[in-house]
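Dear colleague,

Please find the structure we discussed below.

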Amino acid sequence: MSSDDDPWGLDDLIDTIASAEQTDDGGETPVEDTAPSSEGPAEVAADSHPAAPAAPVAAPPTPEQNVDAEFLGESGLAVTGQARMEAAYGSGDGDEVMHAQVAQPAQVDSGTIFHQIYRPWNGVLNPRWVRNWSIYRHHVYGLFSKGHRPWPVLTKIIIIVVFLGALSPLLMLVLSSLTGADELQRFFGVTRANLWGHVFGFFFNNVCCWPIVTALVIGGLISEDRQNGTSAIYFSRPITRTDYTLMKYLSAASILSIIIVLTYCIFYAVAILVNNEGWSYLLDTFPYFFAGLIAALLLVATYTSIGLALSSVSRGKFFPAVSLIGLLLGSKMLAFLIDLLFETDVMYLISPYDNLAHVGQWMMRLNTTYDFPVAWSFVSVLVMNAGSLYILISRVNSLEVTRE
Amino acid sequence: MTEQWVITTEDLVKKYGEHVALDSISLKIQYGATGLLGPNGAGKSTLIKTILGLIQLTSGSGTVLGHNIATEGNQIRQRIGYMPEYDCLTPSMEAVHQVRYAGELLGMNPTQAMQRSHEVLEYVGLRDQRYRTIETFSTGMQQATKLACSLINDPDLVICDEPTNGLDTKARGFMLDTLFQVVKQGGRSILMSSHLMDDVEHICDRIVMIHKGQVIAQGRIEDLKAIDREIEISVWGGASRLEDALSHGGLDVRRTGRVMRIVRQDEDTYRDILAAAAATNVQVRRMEDYEPSLEDLFIVIMERLGYSVKSSADLFDSGNTPSMDKAADLSRLGDGTI
């Protein structure tokens, strides 16, 4: 037969199959397993459907082919339906050797997709300070590099903006140095008031910058461990609650210190450099700078304590962030209104900012703007820190390992 | 490993005020895989926290991997991998960094922790997904990440709390196979808390059953199954007659249609069954020893506590637990060594 009459070569294939079947003993024709299998012929299953060889299935049926022939994988034979019944119902006496033509999985002779091999580890575990360092590193490095605590992008942007904003007086300092204008020097040079103002100036730093950065930093620091259950990761390891609390505290305080204390130090250092000041200037101004540094650290510590206490009592970062800003600014506003109405400023004792500012004024030997003694403010700051730390510690103790 | 036992406890008691969470628990757990079973509120979590050295005991003593649970919590936790039941991962972290951080918290060098993180994530089947953030993971992948966190330091003991929780059939199978490999291939020990009897039976060859702070059964599963030996028969014609006859003969019979299970009392039980069948003119078409599952064992033990349950699922509803008076009267099953 020419290839024009049989474009798919079906007749040749049918002849080949028919000649192969002549070797069978006829009668009840078993369905042979023609697919390659390494596991031998499969048992006949009730729902197994023997398939025809690939090429005839793809081709349209010829007039001579019975529809059942496709099922049987054969052609040209009388179809009794007996084999199908055997496959479906097992109607024989059970002694037949039946084989089903079933799809076989592809045999992969080479290459490995996945080998599950347990590999032991024989390294040495480092001591406690290394574990604590890893917590600190996780939180602080997260601001700068990938793979550590995933700080939100907005938080990173705001921290950078506030950091650059805190360094903005440097521009005026350089300008005043270049021009030699005394007015600019008085406004932007190193004076006790300017050093105090860098840390405690209400407008703009303590209205927007420090509280917002603190809120963003401490917001999820502990509350997200409670929310996500990550406290289990810490406490099922040789991390004590003291270590956990201390490292969280130091992490938050370090980030705030970069914004508040580091910029304060840079401001002082640049002022000396650009004005080409000598040792005598340094000796004169350093005590005030140092007092301001201590006051700045006290501010960082107090804001961190209050912030982490709020973070530890909640799940999620929204509540601690908002409540911290509300506490810092709300208490100031309340004291201010009472001062206006009743002409008494003693209510400033409830404002963390005012207490810190008052202590800062005293430490830098500035004239205080409050009528009550500085000791009251100092005690108030201590009480606020102690109360916050008590809440923080008690709430961290309630963090669960097995269930929250 | 020079210690003979992975966990030993002696009259462990933990009270929260008036509530007794652990009531004189004495255990000796060998190396290998052990299942921790019990209803909600039974004291499993408290026992796990005790093993981790996290809580102060009211009385009693114990050791884990040779370390005192009262004074050497840090040393214990350095050698244990704990896989919590609940979420414990930071959603926005990449899996490889989460696992690395888990290793660093154990005191691993960051470089080694990173290298090991790759290894264990490959081991749990997340090699190609290790740089994806965890929030994009399915439940099965998150469970695998938790397992990777617990395996990062190659711990001597892995404590798994409901490791197949929320997994589909395929992921569950993979998780169980992986845990099985940790025991068989890695030679590590596993303490697995689960309420799925099949899961425990798949991995563990020993169990501890806890109820209301007390150990009600402990030992090898095969040994414990011996307390529930039954003979299963299929009968034809007059099943009710045969059931009555067997019951009157003093045998304990459970029947579902033509299939009955008779508690095997001794070797004569077979003869008694056939005699009863002959007397009632009932055909016994099949008779064989019934191999109880862990589920059956659990039900039997709880029935001995005086509580009628249909399945273990009933027991994990905390409102359906039997009274402790009966539990206290129950003679302890097992020999205290598992």
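A crossing of two helices is called left-handed if the near helix is turned anticlockwise from the far one by less than a right angle, and right-handed if clockwise. Helices (H or I, at least four residues) and strands (E, at least two) are DSSP runs, numbered from the N terminus. The model is predicted: local features need pLDDT of at least 70, side-chain atom pairs count only at pLDDT 80 or more, and totals for chains, interfaces and linings use all residues. Residues are numbered from 1 along each chain as its sequence is written, while chains are lettered from A and ligands numbered from 1 in the order in which they are written.

Helix pairs

In chain A, α14(A) passes α17(A) in a left-handed crossing. Helix α14 (residues 279-312) and helix α17 (residues 374-397) of chain A pack at about 35°, their axes 8 Å apart; axes are lines fitted to C-alpha atoms, for helices over the stretch in contact, and angles run from 0 to 180 degrees between N-to-C directions. Among the residues that make this contact are A:L298 and A:A301 of α14(A) and A:V381 and A:M384 of α17(A). By class, the contact has 11 nonpolar, five polar and one charged residues (Ala, Val, Leu, Ile, Met, Phe, Trp, Tyr, Cys and Pro count as nonpolar, Asp, Glu, Lys and Arg as charged, and the others, Gly among them, as polar).

In chain B, helix α9 (residues 239-248) packs with helix α10 (residues 268-280) at an angle of about 130°, with the axes 9 Å apart. That makes α9(B) oblique to α10(B) (angles under 35 degrees count as roughly parallel, over 145 as roughly antiparallel, 65 to 115 as roughly perpendicular and the rest as oblique). The crossing of α9(B) and α10(B) is right-handed. Residues B:R241, B:L242, B:A245 and B:L246 of α9(B) meet B:I273, B:A276, B:A277, B:A279 and B:T280 of α10(B); two residues are in contact if their C-beta atoms, placed from the backbone, lie within 7 Å.

Sheets of chain B

An open sheet of six strands has the order β6-β7-β8-β3-β9-β10 (chain B), with mixed pairing (two strands pair if DSSP finds at least two bridges between them). Its edge strands are β6 (80-83) and β10 (214-220) of chain B. Strands β3 (residues 33-37) and β8 (residues 189-193) of chain B run parallel and are joined by four bridges, and B:T34 has B:L191 in β8(B) as its bridge partner. Helix α6 (residues 169-184) of chain B lies across β3, β7 (157-161) and β8 of chain B, at about 145° to β8(B).

Four strands form another open sheet, in the order β2-β1-β4-β5 (chain B), with antiparallel pairing. Strands β2 and β5 (67-68) of chain B are at the edges with a single partner strand each, so one side of each is left without a neighbour in the sheet. Seven bridges join β1 (residues 7-16) to β2 (residues 19-29) of chain B. In the hairpin of these two strands, B:G17 takes a positive phi near 65°.

Domains and chain contact

The domain assignment, from an automatic or database source, gives chain B domain 1 (7-79 + 155-224) and domain 2 (230-290). The centres of these two domains of chain B, taken over C-alpha atoms, are 39 Å apart. Between the chains, 31 residues of chain A are in contact with 41 residues of chain B.

Yours sincerely
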